[in-house]
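Please keep the sequence and the structure in view while reading.

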Amino acid sequence: MLKLLCVTAHPDDEAGAFGGSVLLYHERGVETSVICLTAGTAARNRGTARSDEELAALRTAELAASCKVLNVSCHEVLGYLDSKLVRADSYQVVGDLVRRMRQLRPQVVLTFGPDGGLTGHLDHAMAGMFASLAFEWAGRPERYPEQIEQGLQPHRAQKLYYLAADYLLPDHPVIAPPTVTARIEIGPERFETKVKAFQQHKTQAPLFERVRKNLGRQGGAVEMYHLAATREPRDAKFETDLFEAVTEE
Ligand SMILES: [Zn+2]
């Protein structure tokens, strides 16, 4: 079975950043998963939450609702501290991701690049770096050998993509974005479903207008990615399909 894993930093990234591709590949019979590193408790917009614990519960439920709209088969919040990923124990975070990759066994992994995605968010950058190391290490039995001793098998995913864009957002930190090597046509209908998934994050309602505008360039109908690593060495090549040359195994 073909499988896609999305590694994100906050509830709502799965919709705002990757939602169209997640929808598209589910339609093509790919099983999709989302691993979100934080519960998003550093958010300025807090809905009815009176504490971080309440906000974590609200945002975790919103992620579940969004994943339902996106037809995501499996999602998980790992509960690292929001806005503090740069200070997290990298051996532990990467190990958690390696374990999920060995369990879920995706062929394709989507995450953010070191620029932190369009918004330049530090947590996005860190999520992408942790996911990149996990992509490299999940296939090596000498990395996190205790997981292998516990019965997990090493897993080498085939392609790692970073979110990319051919434009910058005004009023955001300056970033140097990864080169666009893939354009995925998600079309206007999936774009509307992606917006609907984002709107399941009701605590973030004050952001809806702005996010829709940010998503809406080129009609929002295209998601762009950078092919950052492949299992089989290859030359650079422009793509319109994230599963191009991927084999089922
Ligand atoms: Zn985010």
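Buried means under 20% relative accessible area, exposed over 50%, and partly exposed in between, with a 1.4 Å probe and protein chains only. Helices (H or I, at least four residues) and strands (E, at least two) are DSSP runs, numbered from the N terminus. This is a predicted model, in which local features need pLDDT of at least 70 and side-chain atom pairs count only at pLDDT 80 or more, while totals for chains, interfaces and linings use all residues. Residues are numbered from 1 along each chain as its sequence is written, and side-chain values use heavy atoms, with hydrogens and water left out.

**Helix α2 and its surroundings**

In α2, the buried residues are G19, G20, S21, V22, L23, L24 and Y25. Because 7 of the 9 residues of α2 are buried, the helix is largely enclosed by the rest of the structure. After α2 comes G29, with a positive phi near 90°.

S21 lies in helix α2 and counts as buried at 0% relative accessibility. Contact means heavy atoms within 4.5 Å. Apart from neighbours within four places in sequence, S21 is in contact with L110, I184, I186, E223, Y225 and L242.

Axes are lines fitted to C-alpha atoms, for helices over the stretch in contact, and angles run from 0 to 180 degrees between N-to-C directions. Helix α2 (residues 19-27) packs with helix α7 (residues 187-198) at an angle of about 120°, their axes being 9 Å apart. The crossing of α2 and α7 is right-handed; a crossing has this hand if the near helix is turned clockwise from the far one by less than a right angle, and is left-handed if anticlockwise. On the α2 side G19, G20, L23, L24 and E27 take part, and they meet R190, T193 and K194 of α7. By class, this contact of α2 with α7 has 2 nonpolar, 3 polar and 3 charged residues. Here Ala, Val, Leu, Ile, Met, Phe, Trp, Tyr, Cys and Pro count as nonpolar, Asp, Glu, Lys and Arg as charged, and the others, Gly among them, as polar.

The axes of helix α4 (residues 90-104) and α5 come within 8 Å and cross at roughly 55°. That angle makes α4 oblique to α5; angles under 35 degrees count as roughly parallel, over 145 as roughly antiparallel, 65 to 115 as roughly perpendicular and the rest as oblique. From α4, the contact uses S90, V93, V94, L97, V98, M101 and R102, and from α5 it uses F130, A131, L133, A134, F135 and W137. By class, the contact of α4 with α5 has 11 nonpolar, 1 polar and 1 charged residues.

**Zinc site**

Which residues coordinate the zinc ion? The donors are H10 (ND1), D13 (OD) and H124 (NE2), at 2.1 to 2.2 Å. Donors are N, O and S atoms within 2.8 Å of the metal (3.2 Å for Na, K and Ca), and water is not among the atoms, so sites may look incomplete. Along the chain, the donors of the zinc ion follow the spacing H-x2-D-x110-H.

G113 sits in the loop between β4 (108-111) and α5 (122-137).

| Residue | Relative accessible area |
|---|---|
| H10 | 6% |
| D13 | 5% |
| T32 | 1% |
| G113 | 0% |
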